[in-house]
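The sequence and structure come before the details.

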Amino acid sequence: MGEEKEVISHVITTPPFEVEVPKTLHQIGQDSWFQVGLVLTTTVNCAYALGYAGTIMVPLGWIGGVTGMVLSTIISLYASTLMAKIHQYGEKRHIRYRDLAGFMYGYRAYAIVWGLQYANLFLINIGFIILGGQALKAFYLLFREDHEMKLPYFIIIAGLACVFFAVSVPHLSALGVWMAVSTFLSIVYFSIAFALCLKDGINAPPRDYSIPGSSSSITFTTIGAAASLVFVYNTGMIPEIQATVRAPVVDNMLKALYFQFTIGVVPVHAVTYMGYWAYGSKSSSYLLYNVSGPVWLRGLANIAAFIQSIITLHIFASPTYEYLDTKYRISGSVLAFRNLSFRTVVRGGYLAITIFLSALLPFLGDFMSFTGAISTIPLTFILPNHMYMRKQISSLQKSWHWFNIVFFSCLAVAALVAAVRLIAMDSKTYHAFADL
């Protein structure tokens, strides 16, 4: 399968710093642009998208929400192409975001980017386990309304399923057929959600589309929604995903990105707008809580969302797994005793922490805003613009990139304040391990 059998290191020297960068034990440069495009599309069309009607459209309304979604699509494509074009900066392939930062700026940037990226991915994974738990709970409530099973219980079940999947699939390229499964599942829950929203919207009385809250709270929720917009289309791990694509790496990655931001974003926009049209300001952070219709159909949508969340979590956890596997020289057969036991204990331990925090504070919309503010905005918009200025570009282009850096830095600070406020308020409203 083209996997390397030993760890070979090279040293990035940026006086006075030296950064040792090990080559990976995971598979590199073997995937077609189409498979990489499916990976990127999976991250966009994940079950998170079932919440955008409530977390983005409700705080922003029709004009702000639609404008924000469209602009975020365009800006995110632009920022992602910047990252793709500097993948081979300095005539060297950089398979990790932190490696590229270290090559350009030295050890301090290497460490900061590493910290930001892993915080970003960890928070995203918390969200996926919450989503998996919500999907299971919604499925349960279709058949029983006793509420004996609380959301934290379903979060634990979802987390255990993620552990099993993490042990079974060694690396990102090994997803293979699971990408087709993920695409199919996305089509299932998007189609059902769209159809049921359309039915409910046609039969419902006039909806309230006004933005809820006082003038002060609307300010904070608007800023939080802006951070969530950044989160919608971006992964914070473009170099790691690009590492799996075969040569020519820049051209093929651009094809994958164009696929993601054209065909790939249609379902997200369609379901988000349809959900808000059908339920207005009552749209929830998990759209399948709103819909009505045949029990079997809603059950199918929830199970599809649950399984797809497991697959997508694995994508976002893969940089963590790659680091651990490379550090401890884990390669070869998935079923080899050493590999199986290592992945069970180490990946299981990582996910156990994630499960605990997911059950402790299951505020999905707040985590989207917080993640966008603390890590997604810096990694997706601020740093790529600064990195791209290392290339030979005109003074006008530099001015443009500096404008982006300043603008998104201000947005990140404002979004962080708003997200912390939202989490603090929800923590007062709901107790730990709340059944939301």
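## Second largest cavity

In this predicted model, the lining of the second largest cavity divides into nine nonpolar and six polar residues, with no charged ones.

Two or more lining residues come from each of α2, α8 (238–242) and α13. Helix α2 gives the largest share, three residues.

## Second largest pocket

The second largest pocket has about 340 Å³ of space. Of the 16 residues that line this pocket, Leu-71, Ile-75, Phe-407, Phe-408 and Leu-411 lie nearest its centre. The elements that supply two or more lining residues are α2, α7 (215–233), α13 (364–388) and α14 (395–429).

Helix α14 provides the largest share of the pocket lining, six residues. By class, 12 of the lining residues are nonpolar and four are polar, while none is charged.

## Nonpolar surface patch

Val-70, Leu-71, Ile-74 and Ile-75 make a nonpolar surface patch of about 330 Å². Two members of this patch, Leu-71 and Ile-75, are also among the residues nearest the centre of the second largest pocket.

Val-70 belongs to helix α2, which runs over residues 52–85. Its relative accessible area is 39%, so Val-70 counts as partly exposed.

## Salt bridges

The count comes to five salt bridges. One of them joins the side chains of Glu-322 and Arg-96, at 2.8 Å from N to O. Glu-322 lies in helix α11 (residues 295–327) and Arg-96 in the loop between α2 and α3 (97–105), so this pair ties together parts that are 226 residues apart in sequence. Glu-322 and Arg-96 are both buried. Together with Asp-99, these two residues are linked in a network of salt bridges.

Arg-347 forms a salt bridge with Asp-325, with the closest N and O atoms 2.7 Å apart. Because Arg-347 lies in helix α12 (residues 337–360) and Asp-325 in helix α11, the pair ties together parts that are 22 residues apart in sequence. Arg-347 and Asp-325 are buried. In the salt bridge between Lys-199 and Asp-200, the closest N and O atoms are 2.7 Å apart. Lys-199 is partly exposed, at 31% relative accessibility, whereas Asp-200 is buried at 9%.

Note on methods
Residues are numbered from 1 along each chain as its sequence is written. This is a predicted model: local features need pLDDT of at least 70, side-chain atom pairs count only at pLDDT 80 or more; totals for chains, interfaces and linings use all residues. Side-chain values use heavy atoms; hydrogens and water are left out. Patches are made of residues with over 30% relative accessible area and no salt bridge: like charges are joined within 9 Å, nonpolar side chains (Val, Leu, Ile, Met, Phe, Trp, Tyr) within 5 Å. Accessible areas come from the Shrake-Rupley method with a 1.4 Å probe; for residues, only the protein chains shown count as cover. A salt bridge is a side-chain nitrogen of Lys or Arg within 4 Å of a carboxyl oxygen of Asp or Glu. Helices (H or I, at least four residues) and strands (E, at least two) are DSSP runs, numbered from the N terminus. Buried means under 20% relative accessible area, exposed over 50%, partly exposed in between (1.4 Å probe, protein chains only). On a 1 Å grid over the protein atoms alone, a cavity is a set of points where a 1.4 Å probe fits but cannot get out, and a pocket is an open set with protein on both sides within 12 Å along at least five of seven lines; lining residues have an atom within 4 Å of a point. Grid points are joined across faces, edges and corners, and a volume is the space filled by probe spheres set on the points. Ala, Val, Leu, Ile, Met, Phe, Trp, Tyr, Cys and Pro count as nonpolar, Asp, Glu, Lys and Arg as charged, and the others, Gly among them, as polar.
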